[in-house]
Amino acid sequence: MSLSSLSLDSNPRFAVGGPYHRRYPHLHHPRSFVSCSAKRPAASASLSVAADSAATESLGRIGSLSQVSGVLGCQWGDEGKGKLVDILAQHFDIVARCQGGANAGHTIYNAEGKKFALHLVPSGILNEDTTCVIGNGVVVHLPGLFKEIDGLESNDVSCKGRILVSDRAHLLFDFHQEVDGLRESELAKSFIGTTKRGIGPAYSSKVIRNGIRVGDLRHMDTFPQKLDLLLSDAAARFQGFKYTPDMLKKEVEAYKRYAERLEPYITDTVHFMNDSISQKKKILVEGGQATMLDIDFGTYPFVTSSSPSAGGICTGLGIAPRVVGDLIGVVKAYTTRVGSGPFPTENLGTGGDLLRLAGQEFGTTTGRPRRCGWLDIVALKFSCQINGFASLNLTKLDVLSDLNEIQLGVGYKKSDGTPVESFPGDLRLLEELQVEYEVLPGWKSDISSVRDYSDLPKAAQQYVERIEELVGVPIHYIGIGPGRDALIYK
């Protein structure tokens, strides 16, 4: 049975470096947009002309980006942001994370096709000339960070002098992860569906002002008292959390070791970022999660605990709004989300299963199967309005290649037929509204080897251009596979 012949099911129910004053590592001068120095597998002769054309187009597109640019998710995460950041990083001096933590899961591939799953380290790390910044808005789990660094180093990816961690970033402890699970258990059928990586509890500690920051690791004389306060607070709040003096002793000893190892990475990144802007360094901001999970603009309370939209760039890095230039929104050719919460275009039937299998929709961070459905134009327009995207990266277009027909969710209406003009914040309305669909023809052919937009089937071009028409933002990048080279520049 083809996916296009299946009817959409009803909406889901919610039950289901060195001291701070040290000199920064040497940054290479701003690059003149040259191709990556890593050797790529030789292309076949039949593809060489297309490859040359694509390379020329890519340099033009990337070369026109602002000094400070950003890549942000448009949907509920998992759009494929890491791949675009990895590609663009070849032409930027700095790649910076500004929010979130290890709940981000960015899968990228090096020139030889080796897969890397990153959670805290910015996706620019595979490009040896790029400095990676973990900004003040990120919550940092040190055991996880060191595990990532060790994994990269074991695969010959040098991290020394290339990762800077903000002294203002808050630490995420193992107990935050335990508390995350306890809170989800408390919520029972109304659970959020978090990654249980401790992100929410860590941000809670930050906001109620008893959090511990990276810079506090330089003062181990007061660290035990601060950690004791945190652990005691968690024990008072959650009966299932058992806090003992032995636990405190072990954590303090562990963090003495972590502090020593982290010292070369700790940096006043606010000064570093602004100094780099003054020096005309090119900076790429890598967003984690996505706009529809934003703590303010997402499907609250089924959201993350930070601001993955444009506003999080300034607060998470300490840079002024006026310096932020082109923002690229990353959006799948269909829609997915992980965890609980409203999903107007979700397909709860066999059609959703087919999309999940074709797109290998299983979480990078958790391995959980993602919920799948058609592309939601109303949500995409909302995301574009909030972020002011200069362009879009449409990913995983190849996943739709076997379909006879493809649907676009182009409008919402209430049960009485009244149109809903924008993506609503009312969860009850989101649960009850009806989605209006537009049906477009499929192209029924493999597009994974296409590298020039004009070589896409006409139906695929029609799908891309209809999305542009509906949201009013140009699509400049089209993903047609997981590899670095599987990208069309339009």
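This is a predicted model: local features need pLDDT of at least 70, side-chain atom pairs count only at pLDDT 80 or more; totals for chains, interfaces and linings use all residues.
Tutor: Local features need pLDDT of at least 70 and side-chain atom pairs count only at pLDDT 80 or more, while totals for chains, interfaces and linings use all residues. Residues are numbered from 1 along each chain as its sequence is written, and side-chain values use heavy atoms, with hydrogens and water left out.

Student: What makes a set of residues a nonpolar core?

Tutor: The members must be buried Ala, Val, Leu, Ile, Met, Phe, Trp, Tyr or Cys residues joined through side-chain atoms within 4.5 Å; buried means under 20% relative accessible area, with a 1.4 Å probe and protein chains only. The largest such core has 57 residues, of which Leu392, Leu397 and Tyr463 touch the most other members. Helix α13 (residues 458-471) gives the largest share, seven residues. A second, separate core of 43 residues includes Val157 and Phe241.

Student: Why is the aromatic pair of Trp76 and Phe343 called tilted?

Tutor: Rings of Phe, Tyr and Trp (its six-membered ring) pair if their centres lie within 6.5 Å; planes under 30 degrees apart are stacked, over 60 edge-to-face, and the rest tilted. Trp76 and Phe343 lie 5.7 Å apart centre to centre, with 40° between the planes, so the pair is tilted. Both Trp76 and Phe343 are buried.

Student: How do you know that the charged end of Lys490 sits over the ring of Tyr453?

Tutor: The criterion requires NZ of Lys or CZ of Arg within 6 Å of the ring centre and within 35 degrees of the ring normal. Lys490 is 5.3 Å from the centre of the Tyr453 ring, and Arg237 lies over the face of Phe238 at 4.3 Å.

Technical notes. Buried means under 20% relative accessible area, exposed over 50%, partly exposed in between (1.4 Å probe, protein chains only). Helices (H or I, at least four residues) and strands (E, at least two) are DSSP runs, numbered from the N terminus.
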